[in-house]
Every structure is written in C-alpha cells, then in structure tokens.
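Subject: Structure handover and notes

Hello,

The structure is below, followed by my notes on it. Please read them with the coordinates open.

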Amino acid sequence: MNLPNKLSILRICLVPLFVTAYFLPFYWGSFVAVCLFVIAACTDFLDGYIARKNGLVTDLGKLLDPIADKVLVCAALFCVVATNPLQYFSQIAIPYEFAFEFGRIFLAVGATLILARELIVSAVRQIAASKGVVVQANVYGKVKTVVQDVALPLLVVLNAQELLKTKSVFFDIVWVLGTVVFAVSVILTIVSGTIYLIQNKKVFTD
C-alpha cells in the first residue's frame, strides 16, 4: 500500500477520535477535535498531491479518498447538528431563543444540502464509471471543500463555550465567522453541484 492510500486510511481512522474528542465533557475536547479535523483535512490535500506528483494514483486510492472525505465531513456535520453550537451566541446581542432556533434550522438545512450534493455527485460518478466515462472534479468543488474545511472547525470550537459556561468576545467573533463561512460553503455546495450536473449532463441524459 502506497503513502497516499495510507494517508486516506489515516483520515478515516481520525474520524472516531474526532467525534470522541468533540463529545468529551471538557472544554478542551472541542479544541482537540479541531486539531484532529485540521490534521485529517490536511491529509486530504496531501494524499492527492503526492499521488499525482509521484504517479501513485491507484484504483484503491480512487475509492478510499472520496470515502475518507465524506466520512470526515459527515461526522463533523452530524456533531454540530446534534449539539447546535450556534445557540451559545452572546445573549446581549441576540436573544437565546432566536439563536437556538436559528442555529438548529440553519445547521440542519445546510447539512442536508451538503449531504444531498455529495450523494448526487457520487451517483453521477457511479453512472459515468459504468459507462467507462471518467468524471473530473471541477474547481468550484475544490473551493467548496476548502471553505467547508474552514467553516466546520469554527463551528466545532464553539462547542467549548457551553462547557466553559462563559461568554467572551472570542466566541462571539467565532460565532459570526462560523455562521458566515458555513453559509458561503452551503452556497458553494449548491453552485458547484449545479455546475457539476450541467457539465456532465451527457452522463444521465440517456
């Protein structure tokens, strides 16, 4: 097994550790979860770079890499939807009831759109593969991935606020950044998915 494939497996193995750290009843668990997520996200870019540069692209790698990506993103989405970290925004600026309902709906709808896009793209790739057609990822999808990898750690670190039982400017700033960047990632998800389907409409127009 080559190095890129080992990195993909490492990414998958980091996911249970990430989830465990996220739900630890200690504030520092959220920060550990962020570190694990960032490490896993870095292996995503690293394995592809090494595989292309050194001619190590394999069928196993083509299978493992997207699976590892989706498992990591899905795990992070499930965590933030389950705990709704956006509800802990400063009550001075936004009433708790509004922040709670906004966070719950915003995260749930965003996660649904992201997961739907991934399932649709995977289905198109599977259909294309059955016809012997190679479907390439577009640049919009890559940008979407980068923005997602920024948004999710911001939302994850917000979970520490509830355990710290304190309000601070730091968490308020992270709340705003996490909300905005996650919204951008959802928009890019829709845009990249739509462009992907248009570019590859010949795959399913039959």
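Isoleucine 190 is a place to start: this residue sits in helix 6 (residues 169-199). Helices here are DSSP runs of H or I with at least four residues, strands are runs of E with at least two, and both are numbered from the N terminus. With a relative accessibility of 43%, isoleucine 190 counts as partly exposed. The classes are buried for under 20% relative accessible area, exposed for over 50%, and partly exposed in between, with a 1.4 Å probe and protein chains only. Between isoleucine 190 and leucine 113 there are 77 residues in sequence, and their C-alpha atoms are 7.4 Å apart in space.

Before the rest, two notes on conventions. This is a predicted model, in which local features need pLDDT of at least 70 and side-chain atom pairs count only at pLDDT 80 or more, while totals for chains, interfaces and linings use all residues. Residues are numbered from 1 along each chain as its sequence is written, and side-chain values use heavy atoms, with hydrogens and water left out.

Other C-alpha distances

Lysine 201 belongs to helix 7 (residues 201-204) and is partly exposed, at a relative accessible area of 49%. Its C-alpha atom is 9.0 Å from that of valine 124, a residue 77 positions away along the chain. Alanine 51, in helix 2, is buried with a relative accessible area of 10%. The C-alpha atoms of alanine 51 and valine 174 are separated by 35 Å, and the two residues are 123 apart along the chain.

Helix 1 against helix 3

Two packed helices are described by the angle between their axes and the distance between the axes. Helix 1 and helix 3 (residues 59-83) pack at about 10°, and their axes are 8 Å apart. Helix 1 is therefore roughly parallel to helix 3. The axes are lines fitted to C-alpha atoms, for helices over the stretch in contact, and angles run from 0 to 180 degrees between N-to-C directions. Angles under 35 degrees count as roughly parallel, over 145 as roughly antiparallel, 65 to 115 as roughly perpendicular, and the rest as oblique. The residues of the contact between helix 1 and helix 3 comprise 16 nonpolar, four polar and three charged.

Salt bridges

Side chains of opposite charge can pair when their charged atoms come close. A salt bridge here is a side-chain nitrogen of Lys or Arg within 4 Å of a carboxyl oxygen of Asp or Glu. By this rule there are eight salt bridges.

Arginine 11 takes part in several of the ones I looked at. What is its burial class? At 0% relative accessibility, arginine 11 counts as buried.

- Arginine 11 and aspartate 47 form a salt bridge at 3.1 Å, N to O. The pair spans 36 residues, from arginine 11 in helix 1 to aspartate 47 in helix 2. Aspartate 47 is buried, with a relative accessible area of 3%.
- Arginine 11 also forms a salt bridge with aspartate 65, where the closest N and O atoms are 2.8 Å apart. Here helix 1 is linked to helix 3, and the residues are 54 apart. Aspartate 65 is partly exposed, with a relative accessible area of 23%.
- Aspartate 69 and arginine 11 meet in a salt bridge at 3.0 Å, N to O. Aspartate 69 lies in helix 3 and arginine 11 in helix 1, 58 residues apart. Both aspartate 69 and arginine 11 are buried.

Through shared partners, salt bridges join Arg11, Asp44, Asp47, Asp65 and Asp69 into one network.

Backbone at asparagine 84

Most residues other than glycine have a negative phi. Asparagine 84 is not a glycine, yet has a positive phi of about 50°. Asparagine 84 is in the loop between helix 3 and helix 4 (96-130) and counts as buried, at 4% relative accessibility.

Regards

Key. Nonpolar A, V, L, I, M, F, W, Y, C, P; charged D, E, K, R; others polar.
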